[in-house]
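Please look over the sequence and the model below before reading on.

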Amino acid sequence: MTAPTKPMPNAPAPESAPEPASGAAPDAGGETLHSPVIAWFDAHARDLPWRRPDAGPWGVMVSEFMLQQTPVSRVLPVYEQWLARWPRPADLAKEAPGEAVRAWGRLGYPRRALRLHGAATAITERHGGDVPTLHAQLLALPGIGEYTAAAVASFAYGQRHAVLDTNVRRVFARAVTGVQYPPNATTAAERKLARALLPEDERTASRWAAASMELGALVCTAKNENCAKCPIAAQCAWRAAGKPAHEGPARRGQTYAGTDRQVRGKLLAVLREAVAPVPQAALDRVWDEPVQRARALDGLVADGLVEPLADGHYRLPLT
């Protein structure tokens, strides 16, 4: 099957809507939000390779794996190299899983590379090498959860699904719920709200998913929201309430220096750069603290990212 192209539909003209009373949330159906956000997206969306029609469903899927907890600036060069080397799922499936880990480079959370390799293998074996079109089929692939299945179905195939990433959840929390931040973990109430806000028309719904995500990434950001540039600032419940400070559980910060994640990254860097199995002594040199180093290495082995050999050497996985 040839990967379908995704024409960018023209957004409908923004509708004039009465400004909600102070502190009031916009209508739960979301009709007053769709047109201005989509119109803003048409004017301000970044030109990203996975949004171009020639990216195809596989390009969209690769981007969704890479963008999880990783900024666009870091993803772009790795994405381009990945697609040049493995333009179709079958190309990746032919390679050892360790090559996916090697090509992942320093994107972080390298288990995503193994999951993407597993998904490519399943796509090749079950779907003739074409990324499946149905949400249920996507969800059945290894390494793919609800968010990724919805994102690929929406962005690659123009289907109607609620796509809830961190940026979208923050936009909905502020514009509709009237709080600064969403909960730390996605709740049933958030999913219900996302479905209520979803446009009925499939093409509009897929455009809304991308537009609301971009709004959270560029304007309604976590720390420096730019209400002056927001197309729905006049309708935002959080702004209308005077931007009350977050009162829920403390926001989770991401630390790296000195953590097991840092040690794992250093160990993997040695293995990625090696063309032959690496002796234990070479790995021992990357981190002075032996207990933490051993724990990190054991974790990499348990996660399938590293294969120990009988002679005390280690390598990236071949199977």
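The sections below go from the whole chain to its sheet and then to its cysteines.

## The chain as a whole

This is a predicted model, and the secondary structure of its protein chain comes to 15 helices and three strands.

Among the contacts in the protein chain with a separation of 6 or more, 66% are accounted for by residues 24 or more positions apart.

## The sheet

The three strands form an open sheet in which the order is E1-E3-E2 and the pairing is antiparallel. Strand E1 (278-279) and strand E2 (307-308) each have a single partner strand and stand at the edges, so one side of each is left without a neighbour in the sheet.

Strand E3, made up of residues 313-315, pairs with E2 in the antiparallel sense over two bridges. Pro308 stands opposite Tyr314, a residue in E3.

## The cysteines

With a disulfide taken as a pair of cysteine sulfur atoms within 2.5 Å, the count comes to zero disulfides. Cys227 is in no disulfide, and the nearest cysteine sulfur, which belongs to Cys236, is 6.3 Å away. Cys236 is likewise in no disulfide, its nearest cysteine sulfur being that of Cys227.

Key. Residues are numbered from 1 along each chain as its sequence is written. This is a predicted model: local features need pLDDT of at least 70, side-chain atom pairs count only at pLDDT 80 or more; totals for chains, interfaces and linings use all residues. Side-chain values use heavy atoms; hydrogens and water are left out. Two strands pair if DSSP finds at least two bridges between them. Helices (H or I, at least four residues) and strands (E, at least two) are DSSP runs, numbered from the N terminus. Contact means heavy atoms within 4.5 Å.
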